[in-house]
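Student: I should like to learn how to read this structure. Please guide me through its features in turn.

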Amino acid sequence: MNMLMQVKDVPFSVRVRETNAFIREIPYKDQPKKAFGWPVDFDFVASHALHNHYCISFLNCPFRLDFDNLLAHFDWCCKYLYFNFEQSVLRIEIFTRLEELRLSHDKIEYMVQVLARYPMAYSYNLENADFRQKWALLKKSNFQKCHTFRQIVDIDRTQRLLLAEQFRAILDELKVTPPAEHINPRGMSTPVMKLIPNNRTAPRREREASLYNFLKLNEDFSPELHQKVIDHLYNLLEPCFRNSYTRKNFALLFTSEESSVLELIKKSTWDNQCFAILFRELKKEKVLQVSWLVIDKKVRVYKSEGDAFSGFSDVSNGKIDAQKRNRVRKAIEPLLTLIRNELAPAKRK
């Protein structure tokens with residue numbers, strides 16, 4: 001979260017200009033352009049954008065957003081645009097045109113790297129930002145209070161993951177052919193490598209840890225161990241559930257792509273740092289087989305007064321007390337011991 005004091009060096013003229021253009025609904029292709037009005041009803045703008053599939057930005061978009069400009073200005077879009085494409089537009093138009101376009105291997109690799117650098121909009125550092133970009137980060141922090149905006153943030157993250165998955169699927173359809181002989185001007189033959197499309201029946205790579213949409217457990221767990229892990233976590237976290245979960249609904253968080261978000265509330269004995277320690281330990285011990293991006297997306301922690309923390313990446317800026325860390329580890333040690341005992345024979349094979 002960015003505070004006003006952190007951007008005190010932003011000139012007054014920039015503050016006025018960028019505040020007057022506080023937030024923009026960015027139309028894709030044939031969507032009608034939305035007129036900007038002042039004063040801004042933030043909840044209304046966010047709600048309209050969410051339900052009508054407008055992308056949004058805290059900076060003016062310098063080009064018309066369509067497929068060609070999405071690719072031509074991919075860096076700008078990933079850095080400053082909250083993706084909120086209609087599913088049919090994303091999957092039927094954008095994905096289909098990406099497949100038909102047959103971009104080179106290097107271009108696709110570059111776009112995968114851009115998405116990895118910006119897993120969500122406005123994820124750049126304050127220190128590396130100019131005045132307009134700094135003020136945009138302050139707008140983002142202020143807008144976090146809007147529940148509808150947080151829904152758009154979740155959609156943005158999901159659609160970036162889907163785009164990355166699509167790019168990787170296209171990369172999987174490219175392979176390097178055997179070297180061909182090429183005669184150079186000196187009469188010596190040199191191998192030439194060529195990228196050609198592979199047939200679509202070729203096996204896909206194992207799914208990346210950042211592309212799941214649920215808290216996937218380790219695939220090496222037996223069904224019995226899988227259930228024991230879920231039961232242990234249910235008993236451990238139940239006092240902190242923001243809303244009640246049945247054991248069946250709780251289990252879906254670890255098994256279903258369509259699962260909801262796990263909502264936890266800060267308690268006197270289990271605060272935001274405890275939850276961060278817990279999920280880091282589960283990831284480190286390979287109980288969870290997903291990236292931290294997925295955990296940050298599928299687990300939301302609420303303050304005691306009701307507001308949500310913006311993410312696990314923001315909850316533990318201060319030093320974590322060793323006693324607190326030991327208390328969390330002690331709470332899950334029986335589970336970790338059970339897992340190590342079951343997986344040890346498989347490792348020896």
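**Burial, charge and confidence**

Tutor: Of the 349 residues of the protein chain, 48% count as buried, where buried means under 20% relative accessible area with a 1.4 Å probe, counting protein chains only. This is a predicted model, in which local features need pLDDT of at least 70 and side-chain atom pairs count only at pLDDT 80 or more, while totals for chains, interfaces and linings use all residues. Residues are numbered from 1 along each chain as its sequence is written, and side-chain values use heavy atoms, with hydrogens and water left out.

Student: Is Asp154 buried or exposed?

Tutor: Asp154 counts as buried because its relative accessibility is 18%. This residue belongs to helix 8 (residues 147-172). Setting aside residues up to four places away in sequence, Asp154 touches Lys297 and Arg300; contact means heavy atoms within 4.5 Å.

Student: Which side chain of opposite charge is nearest to Lys79?

Tutor: A salt bridge requires a side-chain nitrogen of Lys or Arg within 4 Å of a carboxyl oxygen of Asp or Glu. Lys79 is buried but has none, and the nearest such side chain, Asp130, is 7.8 Å away. Lys79 lies in helix 4 (residues 74-80) and, beyond residues up to four places away in sequence, touches Tyr118, Ala121, Tyr122, Tyr124 and Gln133.

Student: What is the mean pLDDT of the protein chain?

Tutor: pLDDT is the predictor's confidence in each residue, from 0 to 100. The chain's mean is 80, and 79% of its residues reach 70 or more. Over residues 176-207, however, the pLDDT is below 50. Where pLDDT is low, the predicted coordinates should not be read in detail.

Conventions. Buried means under 20% relative accessible area, exposed over 50%, partly exposed in between (1.4 Å probe, protein chains only). Helices (H or I, at least four residues) and strands (E, at least two) are DSSP runs, numbered from the N terminus. Lys and Arg count as positive and Asp and Glu as negative; His and the chain ends are not counted.
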